[in-house]
Amino acid sequence: KWTKPEYNGGFKITGYTVEKRDLPNGRWLKANFSNILETEFTVSGLTEDAAYEFRVIARNAAGAISQPSEPSDAITCRDEIEAPRIMVDAKYKDTLVVKAGEIFKLEADVAGRPPPTLTWTKQDKELEETAKLEIKIADFSTVLTNKDSTRRDGGAYMLTASNPGGFAKHIFNVKVLDRPGPPEGPLSVSDVTIDKCVLAWLPPLDDGGANIDHYVVEKRETSRLAWTSVATEVP
């Protein structure tokens, strides 16, 4: 950017030419290929880590051109570096609870310069797409979709964003609820009388992702195939 010259030579200023010079010993070269009407210009085609100076020449309606401006301060071309940041919806702050067979999605927006590299991991292993696991990654967003949840899909999913400025991570906690496993045996039968007995068992190894609330006890006469309910809410 620059300001208009204080003296226009008696005619309206009709345009500008921007010149650039490679440092330390480059020649001044024209940086624009069309007339510049405003007092700012974006110079393209620069080389990363190269140093440059710039200057501006004004032209008026009579076709007269000015002396070049004083050169700019030297600049070195580098992308701005901004450490990554991960932004997620408030619902992901707590454990995401789904039922077995349901679809769940983990979504995040990401900021940083240059665009961060994004990686999904679970139990220290990088996740890859499968028939039921879909991972979409763009420059500044990502979505992980599980199309058919099972108990094994519960746990901590870590999203890591990294670039030359540093890294950021967010952990998504997922719980998948399912039917509990069968009570552990052997089923103990004691205190047998003519019309009753006492049954004892151990809790299932897998509670289905939630505390066991109660048990259902059924019986079957050895001569029959059908089971009938004895008690439906045994604590």
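Helices (H or I, at least four residues) and strands (E, at least two) are DSSP runs, numbered from the N terminus. This is a predicted model, in which local features need pLDDT of at least 70, side-chain atom pairs count only at pLDDT 80 or more, and totals for chains, interfaces and linings use all residues. Residues are numbered from 1 along each chain as its sequence is written, and side-chain values use heavy atoms, with hydrogens and water left out.

The chain has zero helices and 17 strands. Its radius of gyration is 36 Å, well over the 18 Å that the globule rule gives for 235 residues, so the chain is more spread out than a compact globule. That radius is taken over C-alpha atoms, and the globule rule is 2.2 Å times the number of residues to the power 0.38. Along the principal axes, the C-alpha atoms fill a box of roughly 125 × 35 × 30 Å. Of the 235 residues, 26% count as buried; here buried means under 20% relative accessible area, exposed over 50%, and partly exposed in between (1.4 Å probe, protein chains only).

Residues 1-79 are 0% helix and 30% strand, with end C-alpha atoms 19 Å apart. For residues 84-163 the figures are 0% helix and 57% strand, and the end C-alpha atoms lie 7 Å apart. Residues 182-235 are 0% helix and 44% strand, with 15 Å between the end C-alpha atoms.

The peptide bond from Leu 23 to Pro 24 is cis, with omega near 15°, and Pro 24 sits in the loop between strand S1 (13-22) and strand S2 (29-30). Asp 49 belongs to the loop between S2 and strand S3 (51-60). Phi of Asp 49 is near 70°, a positive value in a residue other than glycine. Most residues other than glycine have a negative phi, and most peptide bonds are trans. Asp 49 is partly exposed, because its relative accessibility is 47%.

Further along, Ala 100 lies in the loop between strand S6 (96-99) and strand S7 (104-113). With contact meaning heavy atoms within 4.5 Å, Ala 100 touches Ser 149, Val 176, Leu 177 and Asp 178, not counting residues up to four places away in sequence. Ala 100 has 31% relative accessibility and therefore counts as partly exposed. Its C-alpha atom is separated by 69 Å from that of Lys 4, 96 residues apart along the chain.

Strand S8 (residues 117-122) holds Thr 121, which at 18% relative accessibility counts as buried. Leaving out residues up to four places away in sequence, Thr 121 touches Glu 126, Leu 127, Ala 156, Tyr 157 and Met 158.

Asp 191, in the loop between strand S14 (184-190) and strand S15 (198-202), has a positive phi near 50°. Asp 191 is exposed, with a relative accessible area of 57%. Val 234 is in strand S17 (residues 228-234), and beyond its neighbours within four places in sequence it is in contact with Trp 201, His 214, Tyr 215 and Val 217.
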